[in-house]
Amino acid sequence: MPRSSYLFTSESVSEGHPDKVCDRISDTIVDAYIAAMPESRVACETLTTTNRIVIAGEVRGPDSVLDRVEDLARQAIREIGYEQEGFHWQHADVECLLHAQSTDIAQGVDASGNKDEGAGDQGIMFGYACRETPELMPAPIFYAHRILKLMADARKSGAEPVLGPDAKSQVTIAYRDGKPVKAASIVVSTQHLDETMTSDDVRDVVEPYVRKALPEDWINGSTEWHINPTGKFVIGGPDGDCGLTGRKIIVDTYGGAAPHGGGAFSGKDPTKVDRSAAYAARYLAKNIVSADLADRCTIQLSYAIGVAKPLSIYIDLHGTGRVDEEALEKAVGEVIDLSPRGIRQHLQLNKPIYARTSAYGHFGRPPEPDGGFSWEKTNLVDELRGAIR
């Protein structure tokens with residue numbers, strides 16, 4: 001029998017975290033290529049350290065974008081808010097090592113003759129949805145993201161000028177009868193620009209945003225608080241720690257509440273199934289729960305490089321299903337074409353919508369009018385219900 005009462009913890013990191021700075025730069029470059037040529041191929045990795053940015057990877061797209069890479073990186077850093085001595089959008093050295101995509105990879109992936117476009121790599125991808133929040137996300141990661149997003153909005157609006165761009169949160173939720181009921185502990189570490197501030201001073205700034213982020217009755221006298229527990233946090237971002245694209249894959253997805261296939265999202269165009277198939281799996285899982293076919297759903301998809309169709313579709317309803325899982329596995333393959341091309345067309349992924357995904361989670365965000373977060377739509381509910389036989 002599954003445990004019904006337990007504690008579960010997830011963490012988030014802000015857009016100014018060193019790894020997220022890299023994700024933002026990489027996805028800004030992806031957007032630039034797709035805006036110039038929707039069928040561009042991009043695999044862009046970024047490294048950052050003290051006033052240094054190194055961008056490497058493989059691309060196939062207009063040369064005009066390659067000429068803008070340095071400016072795009074500086075723009076991304078400026079929008080995050082880094083104007084500090086050790087990391088400044090104007091003064092950091094930018095090195096671009098992007099080069100043409102391997103022809104060996106291209107011949108296996110491109111459509112030709114009677115062959116449909118294949119997956120950009122082998123791999124396994126997972127999607128997940130549950131009823132713990134209205135957004136059908138696990139509560140710990142959802143609220144960890146929300147804390148940092150509220151703090152970032154306040155920093156950028158000028159309401160909290162003392163806050164720096166780099167921050168982390170961690171939320172431990174107590175579950176009773178399998179449902180989240182309260183915050184057992186809250187951890188927030190945030191960069192601050194006033195060197196004289198103590199941890200208590202930082203808590204005075206941060207606490208209102210934490211309370212606003214979580215349900216009102218989830219914080220009480222038994223909730224443990226740890227705000228800047230190590231003390232002063234003035235040196236932050238890539239000046240404090242080296243950053244790399246793709247190192248926050250659990251932060252990006254479900255906070256450890258669901259399996260992860262291991263592939264990062266940022267820096268990859270949507271022909272890469274690491275990204276697009278993970279989005280499709282979330283889309284399907286969310287629609288299954290929205291259709292009231294289950295209260296909780298995990299989906300696994302698997303692919304082989306150069307092969308269009310998924311090798312397998314696996315669904316686990318965790319004992320909450322109201323339909324047969326095997327029948328549902330057949331149904332999802334009928335209501336959406338899960339080839340790389342089919343996913344991109346169904347979710348309209350060949351758009352410059354990726355820089356905005358690079359912080360505060362790829363899932364649990366509202367769909368946007370220009371196509372952003374299209375995988376969060378619940379427009380497949382009726383088709384799924386009709387496909388179950």
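## A pair along helix α5

Lys149 counts as partly exposed, at 33% relative accessibility. Keep in mind that the model you're looking at is predicted. The side chain of Lys149 meets that of Asp153 in a salt bridge, at 2.9 Å from N to O. Asp153 is partly exposed too, with a relative accessible area of 37%.

Where do Lys149 and Asp153 sit? Both are in helix α5, which covers residues 139-157. Because they are four residues apart there, about one helical turn separates Lys149 from Asp153.

Side chains of opposite charge can pair when their charged atoms come close. How many salt bridges does the structure hold? The count is 25.

Take Asp370 and Arg356, whose side chains meet in a salt bridge at 2.8 Å, N to O. This pair links distant parts of the chain: Asp370 and Arg356 are 14 residues apart, each in the loop between α10 and α11 (381-387). Asp370 counts as partly exposed at 38% relative accessibility, and Arg356 is partly exposed with a relative accessible area of 27%.

Then there's helix α11, where Arg385 and Asp382 lie three residues apart, about one turn of the helix. Arg385 forms a salt bridge with Asp382, and their closest N and O atoms are 3.9 Å apart. Buried or exposed: what is Asp382? Asp382 is exposed, with a relative accessible area of 61%, while Arg385 is partly exposed at 42%.

Some salt bridges share partners, and in that way Arg131, Asp292, Asp295 and Arg322 are joined into one network.

## A negative patch on the surface

Now for a spot where negative charge gathers. Which residues make up this surface patch? They are Asp194, Glu195, Asp200, Asp201 and Asp204.

Let's pick out Glu195, one of the patch residues. You'll find Glu195 in the loop between β9 (179-192) and α6 (199-213). Glu195 is exposed, its relative accessible area being 54%.

## The buried side of helix α10

Helix α10 spans residues 340-347, and its buried residues are Pro340, Gly342, Ile343, Arg344 and Leu347. What covers them? The cover includes α8 (273-290) and β12 (296-303).

Notes: Residues are numbered from 1 along each chain as its sequence is written. This is a predicted model: local features need pLDDT of at least 70, side-chain atom pairs count only at pLDDT 80 or more; totals for chains, interfaces and linings use all residues. Side-chain values use heavy atoms; hydrogens and water are left out. Patches are made of residues with over 30% relative accessible area and no salt bridge: like charges are joined within 9 Å, nonpolar side chains (Val, Leu, Ile, Met, Phe, Trp, Tyr) within 5 Å. Accessible areas come from the Shrake-Rupley method with a 1.4 Å probe; for residues, only the protein chains shown count as cover. A salt bridge is a side-chain nitrogen of Lys or Arg within 4 Å of a carboxyl oxygen of Asp or Glu. Lys and Arg count as positive and Asp and Glu as negative; His and the chain ends are not counted. The place of a charge is taken as NZ of Lys, CZ of Arg, CG of Asp or CD of Glu. Helices (H or I, at least four residues) and strands (E, at least two) are DSSP runs, numbered from the N terminus. Buried means under 20% relative accessible area, exposed over 50%, partly exposed in between (1.4 Å probe, protein chains only). Contact means heavy atoms within 4.5 Å.
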